Amino acid sequence: MLARAAAGLSDATISSDVVHVEQVRAWLGRPLWEMEPADADVYFGKVLRGAAKGTRLSRAQAIKTYFLFLEFLCTMQVASV
């Protein structure tokens, strides 16, 4: 969150992303790092089928950012070993 704020994203954008990530996690019923591509297919292809295009896009972008952050953390941990 702090990095995104430092990058100039507004508090509203950050809060919205947190809500989107939490909604996906609640649907999944387990930690997001356990999400598989098949889970994403079901979620975006079936669960959100009737949602507005903007909602689907915002949710997908929030999830993408979350996984990029995880990748960054893993890279940093490997580099420090």
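Modeller: Partly exposed means a relative accessible area between the limits for buried, under 20%, and exposed, over 50%. Keep in mind that this is a predicted model.

Colleague: Why is F67 called partly exposed?

Modeller: The relative accessible area of F67 is 29%. Buried needs under 20% and exposed over 50%, so F67 falls in between.

Colleague: Why does Y66 count as buried?

Modeller: Y66 has a relative accessible area of 18%. The limit is under 20%, therefore Y66 is buried.

Colleague: What makes the pair of Y66 and F67 edge-to-face?

Modeller: Their planes are 80° apart, and the ring centres are 5.2 Å apart. Centres within 6.5 Å make a pair and planes over 60 degrees apart make it edge-to-face, so the label holds.

Colleague: Why is the pair of W27 and Y43 called tilted?

Modeller: A search of the whole structure finds three aromatic pairs. In the one formed by W27 and Y43, the angle between the planes is 50°, with 4.9 Å centre to centre. Stacked needs under 30 degrees and edge-to-face over 60, so this pair is tilted.

Colleague: Where in the chain do W27 and Y43 lie?

Modeller: W27 is in helix α2 (residues 11-28) and Y43 in helix α3 (residues 37-47), 16 residues apart. Ring pairs also bring F44 into a cluster with W27 and Y43.

Colleague: Are W27 and Y43 buried or partly exposed?

Modeller: Y43 is at 3% relative accessibility, under the 20% limit, so Y43 is buried. W27, at 34%, lies between 20% and 50% and is therefore partly exposed.

Technical notes: Residues are numbered from 1 along each chain as its sequence is written. This is a predicted model: local features need pLDDT of at least 70, side-chain atom pairs count only at pLDDT 80 or more; totals for chains, interfaces and linings use all residues. Side-chain values use heavy atoms; hydrogens and water are left out. Rings of Phe, Tyr and Trp (its six-membered ring) pair if their centres lie within 6.5 Å; planes under 30 degrees apart count as stacked, over 60 as edge-to-face and the rest as tilted. Helices (H or I, at least four residues) and strands (E, at least two) are DSSP runs, numbered from the N terminus. Buried means under 20% relative accessible area, exposed over 50%, partly exposed in between (1.4 Å probe, protein chains only).
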